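Me: I have a structure open and would like to go through it with you. Could you take my questions as they come?

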Amino acid sequence: MKRVIVGKVLLTVILAGGSMLSFLLDWSPNHLLNPEWHGHARFHGALLLFLLAGVSATGIWLVWRRSLEPQVGIKVAALISLSFWTPLFYITSILPGSTAWAGPVESIPHIAGQVLYPNLVVAAGFIALTVLGYWFASAAER
């Protein structure tokens with residue numbers, strides 16, 4: 001039972017932390033407050049942040065509510081997290097002209113000669129922690 005609590009706490013931290021971190025990083029001069037962004041793009045960016053906050057709060061509630069099927073809430077919480085973080089890896093493939101880098105092209109970070117987008121590193125971390133949290137929280141099923 002202790003593993004289930006650890007998993008629930010981890011999923012809660014991921015959902016709440018991901019939402020708060022997204023607001024902190026995106027409500028900034030290089031994203032939503034960037035005067036070069038079209039006003040409607042800023043509108044949609046802000047809309048996404050508030051949607052993320054709402055569905056994350058719903059996921060947290062589902063994880064901790066009393067239920068005859070507690071695993072449903074755990075699965076939904078994990079799916080909410082994964083549905084937000086995994087598209088960071090394929091959006092640029094399906095939306096022409098999009099990029100994972102918010103800064104000038106000449107300042108794209110490289111490590112050992114390879115492009116390394118910090119937001120994709122963060123996304124990979126959130127995905128790994130989501131899987132770990134789900135694994136712990138699903139201990140009762142195994």
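Me: What percentage of the residues count as buried?
Reply: Of the 142 residues in the protein chain, 30% count as buried. Please bear in mind that this is a predicted model.

Me: And what is the secondary structure?
Reply: The chain comprises five helices and two strands. Along the sequence they follow the pattern α-α-α-α-β-β-α.

Me: What box do the C-alpha atoms fill?
Reply: Taken along the principal axes, the C-alpha atoms fill a box of roughly 50 × 35 × 25 Å.

Me: What share of the contacts joins residues at least 24 apart?
Reply: That share is 66%, counted among contacts between residues at least 6 apart in sequence.

Me: Turning to the surface, how much of the accessible area belongs to carbon and sulfur atoms?
Reply: The accessible surface of the chain comes to about 9000 Å², and 72% of that belongs to carbon and sulfur atoms.

Me: Which residues form the nonpolar patch there?
Reply: The patch consists of Ile5, Val9, Val13 and Trp64, which together have about 350 Å² of accessible area.

Me: Which element gives the largest share of that patch?
Reply: Helix α1, residues 2–26, supplies the largest share, with three residues.

Me: Is Ile5 buried, partly exposed or exposed?
Reply: Ile5 counts as partly exposed because its relative accessibility is 40%.

Me: And how does Val13 count?
Reply: Val13 has 51% relative accessibility, so this residue counts as exposed.

Me: How far is Val13 from Ala102?
Reply: Their C-alpha atoms are 26 Å apart in space, and the two residues are 89 residues apart in sequence.

Me: Let us move to Lys8. Where does it lie, and is it buried or exposed?
Reply: Lys8 lies in helix α1. With a relative accessible area of 13%, Lys8 is below the 20% limit and is therefore buried.

Me: What is Lys8 in contact with?
Reply: Leaving aside neighbours within four places in sequence, Lys8 is in contact with Val63, Trp64, Ile74 and Ala137. Trp64 is also one of the residues of the nonpolar patch.

Me: How far is Tyr134 from Lys8?
Reply: From C-alpha to C-alpha, Tyr134 and Lys8 are 7.8 Å apart in space, although 126 residues apart in sequence.

Me: Now the loops. Where is Asn30, and what does it touch?
Reply: Asn30 lies in the loop between α1 and α2, the latter being residues 39–64. Not counting residues up to four places away in sequence, Asn30 touches Leu25, Trp37 and Ala102.

Me: How far is Asn30 from Gly103?
Reply: The C-alpha atoms of Asn30 and Gly103 are separated by 7.0 Å, and the residues are 73 residues apart along the chain.

Me: Where is Ala112, and is it buried or exposed?
Reply: Ala112 is placed in the loop between β1 (110–111) and β2 (114–115). The relative accessible area of Ala112 is 78%, over the 50% limit, so the residue is exposed.

Technical notes: Residues numbered from 1 in each chain as written. Predicted model: local features only at pLDDT ≥ 70, side-chain atom pairs only at ≥ 80, totals over all residues. Heavy atoms only, no water. Patch = residues over 30% accessible without salt bridge, like charges linked within 9 Å, V, L, I, M, F, W, Y side chains within 5 Å. Areas by Shrake-Rupley, 256 points an atom, 1.4 Å probe, with all protein chains shown as cover. Salt bridge = Lys/Arg side-chain N within 4 Å of Asp/Glu carboxyl O. Helix = DSSP H or I, 4+ residues; strand = E, 2+ residues; numbered from the N terminus. Buried < 20%, exposed > 50% of the residue type's maximum accessible area, 1.4 Å probe, protein only. Contact = heavy atoms within 4.5 Å.
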